Amino acid sequence: MNIQEYCLNKNFYFDDETLYNFHCCLQTKPFTILYGPSGTGKSKIAELYAAFICDKNGLDLNEHLCFVPVRPNWTSPSDLMGFYDYLNNRFVPSDFYNFMVKAEADQNNPYFLILDEMNLSVVEHYFSDFLACIESRRLSSLIDHDISDWESLHLNKENTSLSQVQISAFLELVLDGTLSLSDSFGLEIIRDHHITTKWREDRDSKKKLAGENVQPEQNWKAQFRSEFNQGDNRLAHRFFEPVSSGVYKFKKEQEYRLNELTEDILKKLEKLKSFISQHELEIYKKPNSAPQNMEIPLNLYIIGTINMDESTHALSSKVLDRANTIEMNNVSRDILTTQAAQDGSLKVDHLNHDFSTIKAIPTINSAKKLNQNKPELIELIYSINDGLNPYRTNMGHRSIFEITHYVNKYIAECNDESLAEEALDLQFCQKLIPKLMGADERVELSILHTVSIITTGELNNPDHVLNADMTQYKYPKTLNKLQRMYKYYTQNGFVNFANV
């Protein structure tokens with residue numbers, strides 16, 4: 001059952017593209033905003049997506065979803081996180097803070113926060129610290145070994161030699177936080193690790209079936225030590241260095257060849273070589289002591305819903321620049337005849353529901369990768385952006401890297417490069433268009449410029465933009481949205497992406 005069928009079983013219908021787009025937005029960056037009139041399914045698509053992921057992974061939705069209605073009187077981060085009670089000298093946590101602590105302790109599973117009606121209050125008043133910490137995320141490395149291009153090698157997937165098993169067990173201890181790469185360790189912690197004991201049990205079982213004698217415990221311990229001690233002919237000896245008798249540590253110098261390792265080991269090394277670090281979020285301050293901080297868990301996915309009416313606040317560029325903003329405004333009688341799963345090959349059939357933490361973030365490498373595969377898309381992005389520079393409505397490096405990261409993700413999950421333009425069309429709507437708002441000539445000129453570049457100069461004056469059939473061109477969603485915005489601007493003298 002795919003997610004569209006799952007939603008239909010709950011009596012809700014969302015089309016293939018909407019569901020797949022929502023998934024790719026969260027996977028690109030774990031902060032997505034859904035906007036549109038009340039009752040168009042913003043909160044429901046978020047809830048059903050979380051329910052589907054939990055169902056596929058055997059998780060209890062109530063433990064992995066936190067629904068927080070934002071209140072109009074929220075003015076500080078404590079309204080979301082909880083507050084410090086100075087009279088009783090204790091921190092009073094919110095439900096969301098407890099939820100975040102739970103997510104931090106369960107990194108192998110995803111957790112979903114829905115901020116409902118998040119612009120009933122000024123978003124920066126209660127969420128600015130969160131935004132700053134999310135934007136501080138960066139790729140860091142604990143090792144400087146050269147393991148680039150290992151995927152091009154023909155390697156065993158699983159560990160077969162004792163040295164490989166020992167290295168895998170050590171790296172597992174580092175990844176789960178039991179050891180750090182710089183820690184010294186006794187051989188017992190590796191020898192008693194479940195990876196090592198299982199390897200030994202499997203080997204002994206095979207020996208018994210073949211009628212061979214199983215090693216006594218003393219001989220096994222001697223063999224285990226010899227992998228660390230017997231010179232350069234042993235892989236473990238070249239991977240670890242002795243500190244004292246029976247105590248070793250990770251060797252910083254790379255003295256092994258990649259083809260001596262396995263896919264299992266190299267995947268673990270890759271995680272250590274490229275992990276995401278970030279600034280910590282301040283939770284509260286105690287009198288005369290340092291603040292209590294914590295990192296935002298990498299398995300926390302944040303979904304905000306907004307309406308734009310007289311009871312809400314407009315979102316600033318600071319907020320819009322840090323999220324994907326998905327329009328939920330497709331209200332049509334067609335839904336009466338489309339309440340059935342779509343036929344044929346669907347993108348949601350390829351949706352990866354087996355995920356926990358964010359493992360990659362947008363960087364310049366995202367743009368380089370897209371430039372290798374689809375250079376014409378990079379040319380289009382920068383041609384639009386260069387022309388927006390004089391009006392100061394242009395995107396920054398971060399937005400461009402996020403766009404390219406999204407397009408790469410959109411293509412990769414379906415393994416279909418023909419989807420690149422479709423993905424970029426969605427991203428222009430979600431990352432570029434929200435910046436084109438205001439009540440001066442710069443907005444008009446920005447819209448005209450963007451339309452002209454996308455249509456390669458065919459629509460190059462106001463009459464064209466007002467009257468053209470945008471479905472005849474590439475990037476129809478972007479062009480249609482820009483046309484609606486331009487009409488609104490000419491009639492009212494101002495425009496906001498959410499007005500139309």
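Predicted model: local features only at pLDDT ≥ 70, side-chain atom pairs only at ≥ 80, totals over all residues.
The protein chain has 500 residues, and 50% of them are buried. Its secondary structure consists of 21 helices and 14 strands. Along the principal axes, the C-alpha atoms fill a box of roughly 85 × 60 × 50 Å.

The residues of S13 can be sorted by the direction in which they point. Leu-300, Ile-302, Gly-304 and Ile-306 point one way, while Tyr-301, Ile-303 and Thr-305 point the other way. In S13 the residues of both groups are buried.

Two strands are listed here as partners of S13. One of them is strand S1 (residues 31-35), which pairs with S13 in the parallel sense over 5 bridges. Within this pairing, Ile-33 has Gly-304 of S13 as its bridge partner. Strand S5 (residues 111-116) also pairs with S13 in the parallel sense, over 5 bridges. Here the bridge partner of Ile-114 is Ile-303 in S13.

Strand S8 (residues 240-244) and strand S9 (residues 247-250) pair in the antiparallel sense over 4 bridges. Phe-240 stands opposite Phe-250, which belongs to S9. S8 and S9 form a hairpin with 2 residues between the strands, and in this hairpin Gly-246 takes a positive phi near 75 degrees.

Salt bridges come next. A search of the whole structure finds 27 of them. One of these joins the side chains of Lys-251 and Glu-255, at 3.3 Å from N to O. Lys-251 has a relative accessibility of 11% and therefore counts as buried. Glu-255, with a relative accessible area of 39%, is partly exposed. Another salt bridge is formed by the side chains of Arg-234 and Glu-227, with an N to O distance of 3.2 Å. In this pair, Arg-234 is partly exposed, because its relative accessible area is 22% and buried means under 20%. Glu-227 is buried, because its relative accessible area is 10%.

The side chains of Lys-347 and Glu-422 also meet in a salt bridge, at 3.1 Å from N to O. This pair links distant parts of the chain, as the two residues are 75 residues apart. Lys-347 lies in the loop between strand S14 (324-327) and helix H15 (364-373), whereas Glu-422 is in helix H18 (residues 420-432). Lys-347 is buried, with a relative accessible area of 13%. Glu-422 counts as partly exposed, at 26% relative accessibility. Salt bridges also link several residues into a network, made up of Lys-29, Glu-135, Asp-321, Arg-398, Glu-402 and Lys-431.

Charge is also grouped on the surface. Asp-146, Asp-149, Glu-151 and Glu-270 gather there in a patch of negative charge. Of these residues, Glu-270 is located in helix H13 (residues 263-273).

Asn-11 has a positive phi of about 70 degrees although it is not a glycine. Asn-11 is found in the loop between helix H1 (3-9) and helix H2 (16-28), and at 63% relative accessibility Asn-11 counts as exposed. Tyr-475, likewise not a glycine, has a positive phi near 60 degrees. The loop that holds Tyr-475 runs between helix H20 (462-467) and helix H21 (476-492). Is Tyr-475 buried or exposed? Tyr-475 is buried, because its relative accessible area is 7%.

Terms used:
Residues numbered from 1 in each chain as written. Heavy atoms only, no water. Patch = residues over 30% accessible without salt bridge, like charges linked within 9 Å, V, L, I, M, F, W, Y side chains within 5 Å. Areas by Shrake-Rupley, 256 points an atom, 1.4 Å probe, with all protein chains shown as cover. Salt bridge = Lys/Arg side-chain N within 4 Å of Asp/Glu carboxyl O. Lys, Arg positive; Asp, Glu negative; His and termini not counted. Charge placed at Lys NZ, Arg CZ, Asp CG, Glu CD. Pairing = 2+ DSSP bridges. Buried < 20%, exposed > 50% of the residue type's maximum accessible area, 1.4 Å probe, protein only.
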